[in-house]
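Keep the model open beside the text as you go.

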Amino acid sequence: MLMTVPAGEQSKSLEQAGALCEQMAVAGLDRSSFLIALGGGVIGDLAGFVAAIYHRGIPWVNVPTTLLAMVDSSIGGKTGVNTASGKNLIGAVHHPALVIADVDTLTTLPARQLEQGFAEIIKHGVIADAGMFEEVAQGSSFQPTKDASWKLAPRDLEALIRRNVEIKAAIVGKDENDVTGERALLNFGHTVGHALERAGGYRDFLHGEAVSLGIAAACDISVRKAGMPASDRAKIIAALGRFRLPTRLPPSFRRDEILQAVPFDKKFAGGRVRFVVSSGIGSARLADDITIDDIAAVIANL
């Protein structure tokens with residue numbers, strides 16, 4: 001059977017998950033059934049969550065069709081839905097039985113959708129691979145044209161996608177259930193990024209755009225409190241700009257609502273945020289001395 005859901009983060013909800021489960025039950029799907037998720041990160045997160053809860057867990061296959069999903073959300077088994085209070089607060093770790101990334105689907109993407117995937121690629125470079133970061137930040141192979149189009153053949157991205165899958169899989173493999181803090185390094189830029197998404201009602205920014213703004217904020221904190229050289233921050237901001245990703249908020253954006261959303265992030269523990277900082281491109285760590293005041297300061301300047 002074929003099930004479809006509306007595009008966008010609004011579909012990542014308990015209501016939508018329940019509706020899909022009901023359709024499956026009415027169709028007579030049982031514990032021997034399986035799901036195939038065909039789409040971007042929203043579809044993968046939602047379908048994976050439905051697979052995790054239907055009959056207490058059935059197999060699923062993830063077929064990501066966006067660059068962001070191929071390099072990030074399809075790997076690691078985290079599934080979930082959003083609530084009014086925050087992003088991905090309800091979910092489960094339920095790995096797909098198989099991930100199939102067909103790069104030819106990238107030809108169907110508008111430029112904005114393709115570009116948002118580079119936010120996660122740049123994040124991976126910052127936290128784990130300085131060489132890859134430099135390749136993306138300076139290499140002519142990955143560059144949109146001035147008219148907002150791309151001349152890049154999808155096959156040119158195969159090696160880059162493969163490297164990002166390797167980076168995320170290696171980190172997840174060390175800390176699958178996010179216990180030791182190793183997996184939390186993947187959240188670089190996401191504390192503020194998720195708060196931005198919530199403050200914007202999941203409509204103002206694509207996920208990668210919110211992460212880009214979150215990376216800019218995390219870099220500012222890293223310069224202030226983790227020893228990141230200002231030159232590294234400048235390189236990261238410039239790399240994001242190459243792909244037309246935002247690093248500044250519109251002056252009218254609701255900054256107070258961003259700060260209000262931060263404590264609802266799932267990375268908050270014991271009343272304190274587990275904030276990921278970088279001392280320089282290619283490295284990252286969890287910091288236990290980042291305060292709400294620190295986050296408020298960078299949001300005010302974002």
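"Buried" stands for under 20% relative accessible area, "exposed" for over 50%, and "partly exposed" for anything in between (1.4 Å probe, protein chains only).

A word on the ground rules: this is a predicted model, in which local features need pLDDT of at least 70 and side-chain atom pairs count only at pLDDT 80 or more, while totals for chains, interfaces and linings use all residues. Residues are numbered from 1 along each chain as its sequence is written, and side-chain values use heavy atoms, with hydrogens and water left out. Helices (H or I, at least four residues) and strands (E, at least two) are DSSP runs, numbered from the N terminus.

Now pick out helix H7, residues 190-199. Of its 10 residues, 9 are buried, so the rest of the structure largely encloses it. The buried ones are His190, Thr191, Val192, Gly193, His194, Ala195, Leu196, Glu197 and Ala199. They pack against quite a list of elements: helices H4 (111-128), H8 (207-225), H10 (255-261) and H11 (292-301), plus strands E7 (272-273) and E8 (275-280). Contact, by the way, means heavy atoms within 4.5 Å. Just after H7, Gly201 takes a positive phi of about 65 degrees.

Step across to Leu213, which has its place in helix H8. Its relative accessibility is 0%, so Leu213 counts as buried. Beyond its neighbours within four places in sequence, Leu213 is in contact with Leu196, Phe205, Pro246, Thr247, Arg248, Leu249 and Leu302. Its C-alpha atom is separated by 9.3 Å from that of Ala119, 94 residues apart along the chain.

How many aromatic pairs does a search of the whole structure find? There are 2. Rings of Phe, Tyr and Trp (its six-membered ring) pair if their centres lie within 6.5 Å; planes under 30 degrees apart count as stacked, over 60 as edge-to-face and the rest as tilted. Phe118 and Phe243 have ring centres 4.0 Å apart and planes at 5 degrees, so this pair is stacked. It links distant parts of the chain: Phe118 is in helix H4, whereas Phe243 is in the loop between helix H9 (230-242) and H10, 125 residues apart. Phe118 is buried at a relative accessible area of 0%, and Phe243 is buried at 0% too. The other pair, Phe205 and Phe253, is tilted, with 5.4 Å centre to centre and 55 degrees between the planes. Phe205 and Phe253 are both buried. Look at Arg254 as well: its charged end sits over the ring of Phe253, 4.8 Å from the centre. That label requires NZ of Lys or CZ of Arg within 6 Å of the ring centre and within 35 degrees of the ring normal.

In strand E8, 5 of the 6 residues are buried, so the strand is largely enclosed by the rest of the structure. E8 pairs with strand E9 (residues 283-287) in the antiparallel sense over 4 bridges; two strands pair if DSSP finds at least two bridges between them. Val276 has Leu286 as its bridge partner in E9. The hairpin of E8 and E9 has 2 residues between the strands, and Gly282 there takes a positive phi near 105 degrees.

Finally, turn to the open sheet, where 3 strands pair in parallel in the order E1-E2-E5. E1 (35-39) and E5 (98-99) stand at the edges with a single partner strand each, so one side of each has no neighbour in the sheet. The bridges number 5 between E1 and E2 and 2 between E2 (residues 60-64) and E5.
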